[in-house]
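Student: I have a model open and would like to talk it through. Could you take my questions one at a time?

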Amino acid sequence: MRQVYQPKPVIRLPQHGNRPTNTPMKTVDFSLAGAQLSALGSGALWWRDKDLLCVSDLHLGKSERVARRSGTTLPPYDTQDTLIRLEQDLRATNAQTVVCLGDSFDDLDALEALPEENTAWINRLQAGRRWVWIEGNHDPGPIELPGSHLAELPVPPLTFRHIAKDGKSGEISGHYHPKVRVQTRHRGISRPAFLFDVDRVIMPAYGTFTGGLRSTDKAFETLMRPEAKAIVTGQTPRIVPMNR
Amino acid sequence: MTNAPCLPATFNDWFASRGWSVHPHQQEMLAKADVPALMLIAPTGGGKTLAGFLPTLVDLAQTPHEGMHTLYVSPLKALATDIKRNLRTPVDEMGLDIRIEDRTGDTSNFHKKRQRADPPHILLTTPESLALLTSYEDAARTFKGLKRIVVDEIHALAESKRGDQLMLALARLQSLCPDLKRVGLSATVDDPQAIAQLLARHPDPCEILQADPGPKPDIKMLTTSEPPPWAGGGAAYSIPAVIEQIKAHKTTLIFHNTRAQAEIFFHNLWLANEDSLPIGIHHGSLDREQRQKVEAAMVAGQLRAIVCTGSLDLGIDWGDVDLVIQIGAPKNVKRLVQRIGRANHRYNAPSKALLVPANRFEVVECLAALEAVQENDLDGEPRGAGPLDVLCQHILLRAASGPFMADDLFEEMRSVGAYADMTRTEFDDCLNFCATGGYALRAYDQWQRLMQRPDGQWQLRDPRAAAKLRMNAGTIQDSDLLKVRMKRSRGGKPLGEIEEAFAASLSAGDTFLIGGKIVRYEGLREMTVEVSRDKGRKPKVATFSGTKFATSTQLSQRILRLFQQDTWPALPDHTADWLALQRDMSQLPGPDRLLIESFPHNGRHHLCVYGFAGRNAQQTLGLLLTKQMEEAGLAPMGFVATDYATLIWGLDAVTDPTPLFDRATLTEGLDGWLAQNALMKRTFRGVATIAGLIERNQPGQRKSGRQATFSSDILYDTLLKYDPDHLLMRVTRQEAMRGLVDFARIDAMLDRIQDRIDLVTLDRVTPLAAPLFLEVGKVTVTGSADERLLAEEEAALMDAAGLST
């Protein structure tokens, strides 16, 4: 009868030291339908041959939306944090094309309510690049912002869309916010992760404070082949088994 | 003693009819009725309350009085109700025409309204209700003619913001009624002068009256055939021995340090109660009706034992308590002495008490506490200047009662002892915060609350805001509680409250303990947890925060000195042998050195830091040290803290601990790394709620704890980034030195040890460190350890695939 309830506190230690900008990016490289792709620790996907950077499920304005519903309005910090990371990845890759794979905004009101400094920031990131907004299920595409708005984007041999379609191959999608739990010798570590096999990549959510769906979830059962692997995000991205 | 000189005949006759005589200190209180500020220190059972009221009763008996004559303030609602009952008896029996009423959060709105218009002679209330009373526009009329104020259990109030709020309200009353006399009633304390200074109008002196402290208490450690367990706080092992004690005494109070422990203990006691002894439970999270039932049964002498917490710490007269049992180390000698005083309410008879250590380490702590009680060596931690969040609330409530001049209010506030040294700049900061929300928030309409009129007076910008301010008055932080009641179809009986975070961890069908009953969680309906009765075997135990005391500095020092003895004849063998083994294998920690042990266990490296700085500071130390270990590349993975040590584990061993304890680095960590921490946010939340930045209550709805947390966390992050010097951020940092963060005790530890750090490296766990592995409340830290562990998994996967990375 000693089942004392204890909330389990987890403290994330800050990364120490400033990472010098001239060290090479840590990536996990793999190929999909003949395209050479690199998974970044941030959760972005880099297609070097096409100078293309893909990020999924930014959910900008999420905390703002929650705040809006609970009656307080204040600057959303998750948005800033997400944009800071995006800016770092753009600087590191100097991508010429950026694909936002849907659910870029938590909802359309979130876009409207975004502080001007944030929209200006996005505009700054967009300058000099081709920018594609793929429609998500939360946002039918941020119409107000410059860039092309597409339901999906084919860049042979790959296709970018928000939600994976069963039976397709060479497909990059997002939507599910996949997470994997890795059992190490000391503890289980759960992190957002890329899932990939010979047909597709399902991207982790790039936005700060987005929840996740365990790789063991039924949703992935038919989508991912039995030999599918995962790439965990973090300081250094790493290939690990995809728990089923 | 016979006839007292200044006591009227009616009173003498009444005392005589009861076979009582007037205590010397009661006599003296009467003689000093005209002293502007007077504090009486008397042990429990010394007729303290009657001493406080005697001058009032005598005056009212001799001179008819219009309106309110005496205001009585106590920290407990129950105490106000109890005193009303106790005063009624002499007043009725002497046939005095005196109206006595109480006013607390439980009083009906109808009565409250009437009391303002037609106040009784004696009004019994709490600091919160008094603050509200002064916030009405008709305050001057309500308090017209007020002559005396009696603050009961002032030692308890003086330790908290409730006391600060009370003294601010008192300053306001003093302005309304310049001849007001102040009386404080206190239990035995370490520094009476400090409390007297809080009571008196600054800089007036305060006379102190010491009653005879009575005989020394009869206090021992409970010996059981079974030794206490190595860890934990439940003390379930002691149940059979406790039952024997209950049987051998008339009425026993069984004190616990936390409500959760009280619930578990009561449950176990009940299961073992084969003779069906009438036993009750009483704690602050139980429903009022439940508590009142227990109180009534207690007064009627129907209960043999009550399992309780701090809710029974203070002076309600519980009739024939002849034994106090303290379960778990008392953590603080002063509180122990006050609890012991609950036994034997007859003056001049020794109180009888038993200490029950909950685990092996507490055996040592209990012995240290016993020795401290015998030597009357009480602990006190100075509180420092009055907190500014309370001042902000006071300013807003002052504005609710009508316009004021800043200069006048400043002078009034400086007459409060705790705020005597406040600068005009600090006051203006508070006023500015109340008016605009502060620099970073000035653009938001909801915090624009005061405006200055052309004549220079400050007033509410929107008079309708007054009602909202009153709803959010008070300084008690009851963290996110949800009411628990039986499902409506079963009568909807209210049971008590649980924390929202605990409620969130429940799903339908889960069972938990409340008020000694096992109930099944049915669901959440609006802000109420609905439950049904259940005979479940394994209930969860609700957590209640806010009652986790840290062992006092003085008690910790006593333990460290005790360790230095060659042998420990006063300790039971099992504990003395344990300490001897520790000395043999490693060292025992000493008063002016810091012992650190480093050893491997289960494939991890462990670092055990015996700081003896109290639970909260040891927890903070865990946060700061793991951060530094991360920077040193040692890959820490987690830690756990107790009152005496912090145990940290990680992938690599610490070989040179000295740089980790560099004061400048630790302090920097407090400002930088710790600023992001949940404890700081929680501290801020308390401050922001008291200062009125966050409203927990709005007309017609109550904000749920999570909503309030959400907005207060965003506010905190905003201010940290854009306005780190905002008034409330400064107050938050000040509070972090005490309370949950308790950095002041890390500071004190560094002063104590200087550079005397002993690192003992061993190949296995030491006897003193072993119990830490069993502690609950482990904190996981994630960082480079995770990166390294993941790299290992990746390598293993690649290896298995015949690849190498």
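Tutor: Happy to; what follows is a set of questions and answers on this predicted model.

Student: How many helices and strands does chain A have?

Tutor: Chain A has 244 residues, and 53% of them are buried. Among its contacts between residues at least 6 apart in sequence, 66% join residues at least 24 apart. The count of secondary structure elements in chain A is 5 helices and 18 strands.

Student: Which residues of helix 24 of chain B are buried?

Tutor: Helix 24 of chain B spans residues 663-671. On one side of it, B:Ala664 and B:Glu668 are exposed. The buried residues are B:Leu666, B:Gly669 and B:Leu670.

Student: Why do those buried residues count as being on the same side of helix 24 of chain B?

Tutor: The buried residues in question are B:Leu666, B:Gly669 and B:Leu670. They lie on the same side of helix 24 of chain B because the arc they cover around the axis is only 105°.

Student: What covers the buried residues of helix 24 of chain B?

Tutor: The exposed B:Ala664 and B:Glu668 are on the other side of helix 24 of chain B. For the buried residues, the cover includes helix 23 (615-631) and helix 28 (743-753) of chain B.

Student: How are helix 23 and helix 28 of chain B oriented to each other?

Tutor: Their axes come within 8 Å and cross at roughly 80°. An angle from 65 to 115 degrees counts as roughly perpendicular. Helix 23 and helix 28 of chain B are therefore roughly perpendicular to each other.

Student: How many nonpolar, polar and charged residues are in that contact of helix 23 with helix 28 of chain B?

Tutor: Helix 23 of chain B brings B:Ala617, B:Thr620, B:Leu621 and B:Leu624 to the contact, while helix 28 of chain B brings B:Phe743, B:Arg745, B:Ile746 and B:Met749. Sorted by class, the contact has 6 nonpolar, 1 polar and 1 charged residues.

Student: Is B:Asp742 buried or exposed?

Tutor: B:Asp742 is placed in the loop between helix 27 (727-736) and helix 28 of chain B. Its phi is near 55°, a positive value in a residue other than glycine. The cut-off for buried is under 20% relative accessible area. At 10% relative accessibility, B:Asp742 therefore counts as buried.

Student: What is the relative accessible area of B:Phe612?

Tutor: B:Phe612 has its place in the loop between strand 23 (604-610) and helix 23 of chain B. Although not a glycine, B:Phe612 has a positive phi of about 50°. B:Phe612 is buried, with a relative accessible area of 3%.

Student: Which residues does B:Ser552 touch, not counting residues up to four places away in sequence?

Tutor: B:Ser552 lies in the loop between strand 21 (540-541) and helix 21 (553-563) of chain B. At 5% relative accessibility, B:Ser552 counts as buried. The residues touched by B:Ser552 are B:Lys331, B:Asn332, B:Asp379, B:Glu381 and B:Arg745.

Student: What distance separates the C-alpha atoms of B:Thr732 and B:Ala675?

Tutor: B:Thr732 lies in helix 27 of chain B, and at 1% relative accessibility this residue counts as buried. Leaving aside neighbours within four places in sequence, B:Thr732 has contacts including B:Met680, B:Phe684 and B:Tyr716. B:Thr732 and B:Ala675 are 57 residues apart along the chain, and their C-alpha atoms are separated by 9.9 Å.

Technical notes. Residues numbered from 1 in each chain as written. Chains lettered and ligands numbered in written order. Predicted model: local features only at pLDDT ≥ 70, side-chain atom pairs only at ≥ 80, totals over all residues. Heavy atoms only, no water. Buried < 20%, exposed > 50% of the residue type's maximum accessible area, 1.4 Å probe, protein only. Helix = DSSP H or I, 4+ residues; strand = E, 2+ residues; numbered from the N terminus. Arc of directions from axis to C-beta. Contact = heavy atoms within 4.5 Å. Axes fitted to C-alpha atoms, helices over the stretch in contact; angles between N-to-C directions. Parallel < 35°, antiparallel > 145°, perpendicular 65-115°, else oblique. Nonpolar A, V, L, I, M, F, W, Y, C, P; charged D, E, K, R; others polar.
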